[in-house]
Amino acid sequence: MRSTFRHGVHPPDSKALTAAVPLRRMPYAAEVVLPLRQHAGKPARPVVRVGDRVQRGDVLAEADGFVSSPVHASAAGVVKAIGLWPHPDGTLSDAIRIAVDPFNPQIPRPRMVPDWNGLTPPEVVKAVQDAGVVGLGGAAFPTHVKLAPPKDIHLESLIVNGAECEPYLTTDHRTMVEYPERVHFGVRIMMRALGVKRAVIGVERNKPDAIERLRATLPPDLDVIILPLTVKYPQGAEKMLIHAVTGREVPSGKLPMNVGVVVQNVGSIATIAEVFETGLPLVERIVTVSGPGVRRPSNLIIPVGTKVRDILEFCGGVSADATEVVLGGPMMGTAQPNLDVPVTKGTTGVIVLTRRDTPRFETLPCIRCGSCLEACPVFLNPSMLGLHAQAGRYEEMESMHLADCMLCGACSYVCPSAIPLSQMFALSKTALKKARSKVVA
Amino acid sequence: MSTQTIRLELAASPHLKSPDTTPRIMWTVLATLVPVVLAALYFFGLGALLVIAASTAGALALEGWLGKARSVRDGSAAITGVLLGLTLPAGFPLWMAFIGGAFAIGFGKLIFGGLGQNVFNPALLGRAFLQAAFPTAITTWPKVAQGWTTVYASNFAWPFMHPTDTITAATPLGMMKFEHTGTAAWPLMVGSTGGSLGETAGLVILLCGAYLAWKGYLNWRIPVAVLGTAALFATALHLASPRYPDAVFMVFSGGLILGAVYMATDMVTSPVTPRGAWIFGAGVGVLVVLIRIWGGLPEGVMYAILIMNAFVPFINRGTQPRVFGTTRKKRVRGGKEATP
């Protein structure tokens, strides 16, 4: 175990704002908005109609196929509308709006998720899908899909991602400090479902209290290693984490299961445990509200679908010099044009940045300093890719492994000429996809 | 402030940016050249400062006149001017230095399209031009240690006039080449020998380079490869026959250290890949020794770097990094390893 990967960058982690702030529950807002697409894969299919009265935890939309995930009511109330609404990814997307009933005690129906004991692995997979659990680390890949690998795959171990390498974010940190038993319980369920005997929880060294709490609460019968990792971005990227833990490289274009491992975010693991413990589907998540532009930086347990505006007001509003409101971490998150956008299952943070954090540098020509090559965790040549992107030579970029770029932003972060490399690569990927679909059509 | 009145800005991720910018790198490099310039002032007198000022003025004048708007502010033209000045002798006529600086920027950089586009190191191209145009003036080396207030009559020569005679001294490399006499190691290292302004204070330059490498503003592989290869090659030759100078002389004489630390590492004209940097540096080291010992000139750093500059695109192509999760090295169409 080498506990890190090659290359990467060191942005200031800025986690001190919220690292020691205990989790708090945010009260229900007047309205919650639940997009049908809160996960990677096919959007969910609505099963309610406008005017329907729903209880907390009721199914609003069901999974459309295997790589899909249902959406549940995060608050009791009345379905107000079903239609387009701002989505955290910057688009307008179909969503179900619920007017929250202010007099409802918000007590869920009893045990909608079965007791895990006695369930066969396929039944666990089904229960996890029905509970709407997706990866809570940001990408929101449906968790149950990872729990059902093809027959010819031999799995050796489960890797739990507690790296939390994005600056500012402390949701996984607080989960590990406050609910370590829940993490271990989730690991137990996952190991049973996957049929693996070993697990490794990777945690960056800047969270010593989390490492200590996880070790102190580890059940003796569980073969789990808590592995401290070097503090470096993007340590929490799946392929980087696998390399840090096993020394293996996931082959280009392949999945972690091809090297015998499954990676789950520590927040997702804790959610699986919580879902089986309480019997309530995924209707709330932990969100870090932080950044120099927030009056009261907090770690909050928030009903999914709560609007960013309500969250910021709850945290005391924003400072006068705030410039950007980012959903997710500041390295890969999306700046929001509209504060009525809701928090979804994949939203890890609401980060408010000020002018001091987001200076606008003039973009200068590439001076071929090579900083981006030494930053890229997958050993691409962003400098040359950038030149190709500017000239629109997308096929050249493809032959230089553009597909392996995960848009982590390390190259843009270090570029002294402030060339928006990762933005150019995102656009190039889209352009290639478009060109491909045209060929097919 | 209430969220009702906030003015939101949109930008693509990442929303953070490291504070290192191209102008900051350039101005830091320039700042580390101050001790080198001061060493030149100490050894050669005010004349040295005037030569550096003249070449820098030439470079800035042309960048300001023909360069893109505000490109003077990025600091790269000033570096070119100062570095060019450091390759010149102390008694060099100022008007020639000015022309050299202007040529370096005009034909070394702007003609290719400005910052980041040039193939050859502009300062060295400027020096190559001066060597071709004024072969006598550029090989007239005044004696060192005449006091720091020294200015040279030849500094003020009128354009196109024969410079006044200067009391000259041979450089260590010249003595090695033409008179077959060596120079003691210590004077070479501290710089009390004849030569160009920046050729003499090897230890000062190494210290400044180490600082830049620590800041991450300089690819340490290049100077290590240049100096290491030159030293190894020289040692091998010296062991074969004591006729050839040893490694200490090879490294500390002439402009090798200045070239290795400040010129071969020019980001624009050196390889971007880490492996390419090693190949490039080793190529410079080998060429320097070859030119010094078997070439017609006493010094070869300038040509060694310029020749290797020409190979950089090939080196870059041949040393593309192995992408994570792939095994075989994928060959780029038409690419081949450049072996110097």
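This is a predicted model: local features need pLDDT of at least 70, side-chain atom pairs count only at pLDDT 80 or more; totals for chains, interfaces and linings use all residues.
Is A:Arg355 buried, partly exposed or exposed, and what is its relative accessible area? A:Arg355 is partly exposed, and its relative accessible area is 35%. I start with that residue and come back to its partner at the end.

Let me begin with a sheet in chain A. This is an open sheet of 6 strands, with mixed pairing, and the order across it is β1-β14-β13-β17-β15-β16. The edges are taken by β1, residues 23-25, and β16, residues 334-335; each has a single partner strand, so one side of each has no neighbour in the sheet.

Now the pairings inside that sheet. Strand β13 of chain A covers residues 284-290, strand β14 of chain A covers residues 298-303, and the two are antiparallel, with 6 bridges between them. To find this pairing on screen, look for A:Ile286, which is opposite A:Ile301 in β14(A). The pairing of β13(A) with β17(A) is parallel, over 3 bridges. There, A:Val289 is opposite A:Val350 in β17(A). Strand β15 of chain A, residues 322-327, runs antiparallel to β17(A), and 5 bridges join them. A position to look at is A:Ala322, with A:Thr354 of β17(A) opposite.

How many of the residues of strand β17 of chain A are buried? In this strand, residues 349-354, the count is 6 of 6. Both faces are covered: A:Gly349, A:Ile351 and A:Leu353 are buried on one side, and A:Val350, A:Val352 and A:Thr354 are buried on the other.

Helix α3 of chain A, residues 171-178, lies across β1, β13 and β14 of chain A, and runs at about 120 degrees to β13(A).

Staying with the sheet, strand β15 of chain A contains A:Glu324. With a relative accessibility of 1%, A:Glu324 counts as buried. Its side chain has a polar contact with the side chain of A:Arg360, at 2.9 Å. The side chain of A:Glu324 also has a polar contact with the side chain of B:His15, at 2.6 Å. Leaving aside residues up to four places away in sequence, A:Glu324 touches residues of chain A, including A:Ala335, A:Ile351 and A:Thr358, and also B:Glu9, B:Ala11 and B:His15.

Next, another charged residue. A:Lys232 sits in the loop between β11, residues 224-229, and α6, residues 238-246, of chain A.

A brief word on helix α10 of chain A, residues 382-391. Its buried residues include A:Pro382, A:Leu385 and A:His388. Just after α10(A) comes A:Gly392, with a positive phi of about 70 degrees.

Chain B has 13 helices and 0 strands. Of its 340 residues, 57% count as buried. For contacts in chain B between residues at least 6 apart in sequence, 76% join residues at least 24 apart.

Last, the salt bridges. Over all chains there are 28. One of them is between A:Arg45 and A:Asp64, with the closest N and O atoms 3.0 Å apart. A:Arg45 is in strand β3 and A:Asp64 is in the loop between β5 and β6 of chain A, so this pair ties together parts 19 residues apart in sequence.

Another salt bridge is formed by the side chains of B:Arg322 and A:Glu249, at 2.8 Å from N to O. B:Arg322 is in the segment after α13 of chain B and A:Glu249 is in the loop between α6 and β12 of chain A, so the pair joins two chains. B:Arg322 is partly exposed, at 31% relative accessible area, and A:Glu249 is partly exposed too, at 23%.

That brings us back to A:Arg355, whose side chain meets that of B:Glu9 in a salt bridge of 2.4 Å, N to O. This pair also crosses between chains, from the loop between β17 and α9 of chain A to the segment before α1 of chain B. B:Glu9 is partly exposed, at 25% relative accessibility. Finally, A:Glu31, A:Lys80, A:Arg97 and A:Lys307 are joined into one network by salt bridges that share partners.

Notes:
Residues are numbered from 1 along each chain as its sequence is written. Chains are lettered from A and ligands numbered from 1 in the order in which they are written. Side-chain values use heavy atoms; hydrogens and water are left out. Two strands pair if DSSP finds at least two bridges between them. Helices (H or I, at least four residues) and strands (E, at least two) are DSSP runs, numbered from the N terminus. Contact means heavy atoms within 4.5 Å. Axes are lines fitted to C-alpha atoms, for helices over the stretch in contact, and angles run from 0 to 180 degrees between N-to-C directions. Buried means under 20% relative accessible area, exposed over 50%, partly exposed in between (1.4 Å probe, protein chains only). A polar contact is a pair of N or O atoms within 3.5 Å; within protein, one must be able to donate a hydrogen and the other to accept it, and residues adjacent in sequence count only if both atoms are side-chain atoms. A salt bridge is a side-chain nitrogen of Lys or Arg within 4 Å of a carboxyl oxygen of Asp or Glu.
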